[in-house]
Amino acid sequence: MYDLALKNGFIVNENEIYLGNIYIQDEKIVEISLADKPANEVYDVSGKYLLPGCIDTHCHFRDPGATAKEDFTTGTQAAIAGGVTTVFDMPNTNPSVLNEQDLLQKANYFAPKAFADYGIWGLSLGEINLGDLPRLCEAGASAVKFFWGYAINAKTKALIYNYNPKDEDIIPPLGDGEVYEIFEQMAKTGKIIAIHAENIELIQTLTKRLQQSGKKDYEALIQSRPALAEALTIQTASLLAKATGARLHILHLTSKMGMEAVAQAKANGVNITAETCPQYLFLSAKDYDSVGPMMKVYPVIKHEEDRLALWQGLKNGTIDFIASDHAPHIISEKQGDLFSIPAGMCGVETMLPLMLNEVNNGHITLPFLVKVMAKNVADIYNLPNKGNLEIGKDADIVVVDMNKVDTIENEKLHSKQPLTAFAGRKIKGWPIKTFLRGQLVVDNNKICQDKACGKWIK
Ligand code: NCD
Ligand code: ZN
Ligand code: ZN
């Protein structure tokens, strides 16, 4: 007798939807058929859709270090509530993940807190940990991130959101020579070097100019960190990747110009992939009046023409997948002067509902959604047990009610600082149950396991 059966659901993979029963044994999908077989636990999901659990490779869960903003328990609970069963934790924590020892420590530290399966990012700080990168990758880091254009606090390794070269105790943004060495080193590992792509020299010049002009509105923020800053860095990175043989990934793409740089690099045979995030697909400058400073993220959300171009790029494959860049701050920190507040917002829990609503709007299909939220991600990060609903895969399954209508609200989020730029949006199409490796972990927005059962994916 099987452990679990989900019966009469519409099973969705990246290129198909069909009616069937999914049977689960020992955390894995072992049979998909129309046959009616017994199981210890049976759910009739007639009329509902079964999706592979989403994979969100871009989450800043702030743990350890800034756990007033989020911690790994609240963060992974928010993930599973939003139909995300696998997360990758970003390395700008304190301590951060600079070498093998940091990685193993974080993996152990997360184990009793993990409500989703998790990968762990390594961090590159240039010369400081250049020699540690190969061992870090071998020991199981999912990939290595480089915050191009950021200065970093030398003690805490926290990102400096508003860089002033006169600040003390900082690691200033790295120059291209040091970046070249990072790429060289990463090429040896075969793993992905993922970059935050913004050119700091341009940003500093333009920020100074804007500060002198006294302008402080959202348009000024965009002018101080324009699409050109993104495109310049993507071009440089693409050339470095080609020269060194590194496997490059562009994080959180925000602009038409940046996307054209990615398309160009792909056409030139650079080994490059790219992601964008819901905030760039669903918000643009014209939303600032209604949303306010909480929508400040880096790179900044740009104009409507960029938003539309990103949708086009996602559909034509220039952009490979989406990720949330879940980066919460304390709610009070997100109010105040636009140029001084920190950048980042919640996102892991609202990503799937926003995309399901687009399916109901006729903008995308469910198989396409699965492709850009699960299958492509599993392929790119080499997660052989994740990404689609097939025999032998982990039973990470999201039950979706495409007719459920509800509104996104801060109070409903599971994050520690529940603040979303999407509050008030009416959404049709919601995850109603989440299974992690065959275990029901969320039922109607309620976490239904009190023990963490997420596993580290090396
Ligand atoms: C991120 C954070 O706060 O950690 N903020 C953001 O605006 N995206 C850092 C980052 O991803 O650049
Ligand atoms: Zn970033
Ligand atoms: Zn990020």
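So, how far does a polar side-chain atom of H196 lie from an oxygen atom of ligand 1? It's 2.9 Å, a polar contact, meaning a pair of N or O atoms within 3.5 Å.

Quick housekeeping. This is a predicted model, where local features need pLDDT of at least 70 and side-chain atom pairs count only at 80 or more, while totals for chains, interfaces and linings use all residues. Residues are numbered from 1 along each chain as written, chains are lettered from A and ligands numbered from 1 in written order, and side-chain values use heavy atoms, with hydrogens and water left out.

Back to the ligand. Taken alone, ligand 1 exposes 320 Å², and the protein buries 100% of that (Shrake-Rupley areas, 1.4 Å probe).

Now F183. Leaving aside neighbours within four places in sequence, F183 is in contact (heavy atoms within 4.5 Å) with residues including W148, I195, L240 and L248. F183 also belongs to the largest nonpolar core, 110 residues, and is among the members touching the most others, along with L51, I195, Y218, I250 and M355. By core I mean buried Ala, Val, Leu, Ile, Met, Phe, Trp, Tyr and Cys joined through side-chain atoms within 4.5 Å, buried being under 20% relative accessible area with a 1.4 Å probe, protein chains only.

Definitions and conventions
Buried < 20%, exposed > 50% of the residue type's maximum accessible area, 1.4 Å probe, protein only. Polar contact = N/O pair within 3.5 Å; in protein donor to acceptor, adjacent residues only side chain to side chain.
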